[in-house]
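Visitor: I am new to this structure and would like to be guided through it one question at a time. Could we begin with the picture itself?

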Amino acid sequence: MLRNPKRKHSRSDLSNWLLVSPLMLVLGLFLILPITTIVIVSFWNYNEYAFFPDFTFDNYAYLLTAQVTVDTYLKTIKFVVLTWIFCVMVGFTVAYFLAFHVRSLPMQITLFLICTVPFWTSNIIRMISWIPFLGRNGIANSTLISVGVIDEPLEWLLFSDFAVVLAFVHLYALFMVVPVFNTMMRIDRTLIEAARDAGASGWQIMMNVIIPLTKPGIMIGSIFVVTLVMGDFITVRFMSGGQSASVGRVISNEIALLQYPAAAASAVVLLIAVLFMISIMMRFVDIRKEL
Amino acid sequence: MSKAKKMTGISRRSVLKGTAALGAATAVTGFPTVWAQNIKNVTLRQFGTGVSNLNDVATQVKKDLGFTLEMTALDTDSVTQRAATQPKSFDIADIEYFICKKVWAAGNLQPMDTNKITNYDKIAGTFRSGKLTPTSTIAQGTAPHTVGFVEGPNSRTFSAPESGWMTLIPTIYNADTLGIRPDLIKRPISSWAELLNPEFKGKASILDISSIGIMDAAMVCEAMGEITYGDKGNMTKEEIDKTMAVFTAAKKDGQFRAFWKSFDESVNLMASGEVVIQSMWSPAIAAVKSKGIPCVYQPLKEGYRSWGGGLGLSANLSGIELEAAYEYINWYLSGWVGGYLMRQGYYSAVPETSKAFMSADEWGYWYEGKPAQDEIKSPQGNVMEKAGAVRDGGSFLERMGSVVCWNSVMDENKHMVRKWNEFIAA
């Protein structure tokens, strides 16, 4: 620090560049380049078997005027909102239990690991196992009938929006549990004691101490859940029996039919929509402070 | 379009390369034994839909021909995708004729010299002149013979039949109709219109592969008397819009339980009783039946929707691999595979040769539509029918003779796909 400040400056300049270059390289290669490609291809034209360079707004023109776009976005947002509500409820409850009710650290770690056990299998398997369970003659319906709760099998259990949201919550609840648990563990316990000493009830502690301090965790979890659900196509396809369309499914259909430029245009619009949603969510919380 | 040409230039060059090698290789065709030792080291990579990409075939190839055949089974859309965009990933493409219409122009396949196909003359008329029997009329849609030949070894233009350069060597084909669960429907079904009958509300399904689904939908709309088509295989925009409007209305009324995209999904929907009437493929019916669940491939008075598949050679094949591929194709048409597939309910492109690999009873049941004398078993040995049973729809000529349209690619394909997507999203 006491050496020639000029020399030091130029050296640190170089080493700074060297230090960030791996990151730049990785980001450039695996983020900027693919996205640029997608944006470029979205202006190309296509026919049944090939796509070729062009500069056409057709893909966007159709996408932005078609009723199908509005329908799929509304549907996707419906899935996002429902999934998010249930994931927050489940995630917050589980994390709260782990952080505040379980006292010993080894126990907390053990229970936390148990939460992750279902996630050791592929998410496709976890999703598909719902199908025989919820089917017309599935376990759920036959149990309900034998208990006498219902006479006719419930049709809406499977191949419905209910099934889609159920699978989403099952698949993504952990993404909410982890960050919420993480922030809860960092809450200074003396704050809760102080609140109690000041005469706050359990409910008041929850509303005025725990929830505000957990907000960053909830927001990080929400970003996970929202982006995962916005981009999903396979869960929607299987659980709705192919009858609901999300934005991701439209893209996957377009890819399957070799309409890459149309798929690229849809992907660009989806990316913008997701970025927009995340930028709104970021307004509620300072993520930097959390990390 | 000039830009399109520019882009495909590279693959055209590889076609030229492939065909040059083909010319050089012709000299040794008569003597496959020369290659016999080397050919054992050859591995051919084949891909296609689950219907014919069977491991039993690969095992038999190893036994009969000595070389290795690697099979990849994909769904219909992925098959198209791979044939059009990943030419290096395969040696043999097992694709449908309507897909061929789409992907041939991409230049990833090379035509085959019919002189090198031993059983060429015995291939069913449907794939050569287009006529099953000299008096048959040709059905609507992409009939196989219209995309079965090109003008020459380097050509990308489909030509009049029997030019001597075949795009695909026909392997299997069938007449498709609706599958039903007779035990749950409990009454005779005789028309495509039944798919949208409110009686089966929440218990119907249609396949979500746009190019095939639209044809089933058209069969239904025509049978209902809602729409009269000029050509179901090449609809106008208005016809497409009307067809999808009828189906969208039905979907909104909750007519459909689900849509399926792969073979297994259709089997599961039917076997679990989620669906009682749906578009279906023949081996899927067999799969449901082999679980002991009654399922009928119901012949309908309006006729069948048909499809055909064939083997195409990658443009990258040359030299010994190309020879092996020809040997494989000749072996494919020589009967063992035909017999195997016919016992699953498909038809072989060269029915005569399959006969030698089937018992007289099997031949009578599957091909001639005669009552079974004894139990009819699947290739895996499961009992499929008891003595006395008659095949749904009857004999080969009755079934294939009642085909009214082929799976197709329409001129308004882009519009159709958009409308189909809107239907799915509705």
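What follows is a conversation about this predicted model.

Visitor: How many helices and strands does chain A have?
Guide: In this predicted model, the count for chain A covers two kinds of element, helices and strands. For chain A it comes to 14 helices and two strands.

Visitor: At what angle do helix α3 and helix α10 of chain A pack?
Guide: Two packed helices are described by the angle between their axes together with the distance between those axes. Here α3(A) covers residues 67-101 and α10(A) covers residues 202-231, and their axes lie 9 Å apart. The crossing in which α3(A) passes α10(A) is right-handed, and the angle is about 145°.

Visitor: Which element gives the largest share of the side of chain A that touches chain B?
Guide: The contact takes 24 residues from chain A and 32 residues from chain B, and the side of chain A has eleven nonpolar, eight polar and five charged residues. The elements of chain A that give two or more residues to this side are α3 and α12, the latter covering 247-256. The largest share, four residues, comes from α3(A).

Visitor: Which element gives the most to the side of domain 1 of chain B that touches domain 2 of chain B?
Guide: The domain assignment of chain B places 2-175 + 306-355 in domain 1 and 178-302 + 395-425 in domain 2, with 28 Å between the domain centres. In the contact, 27 residues of domain 1 of chain B meet 26 residues of domain 2 of chain B. On the side of domain 1, the elements that give two or more residues are α4, α5, β7 and β13 of chain B, and the one that gives the most, with three residues, is α5(B).

Terms used. Residues are numbered from 1 along each chain as its sequence is written. Chains are lettered from A and ligands numbered from 1 in the order in which they are written. This is a predicted model: local features need pLDDT of at least 70, side-chain atom pairs count only at pLDDT 80 or more; totals for chains, interfaces and linings use all residues. Axes are lines fitted to C-alpha atoms, for helices over the stretch in contact, and angles run from 0 to 180 degrees between N-to-C directions. A crossing is left-handed if the near helix is turned anticlockwise from the far one by less than a right angle, and right-handed if clockwise. Two residues are in contact if their C-beta atoms, placed from the backbone, lie within 7 Å. Ala, Val, Leu, Ile, Met, Phe, Trp, Tyr, Cys and Pro count as nonpolar, Asp, Glu, Lys and Arg as charged, and the others, Gly among them, as polar. Domain bounds come from an automatic or database domain assignment.
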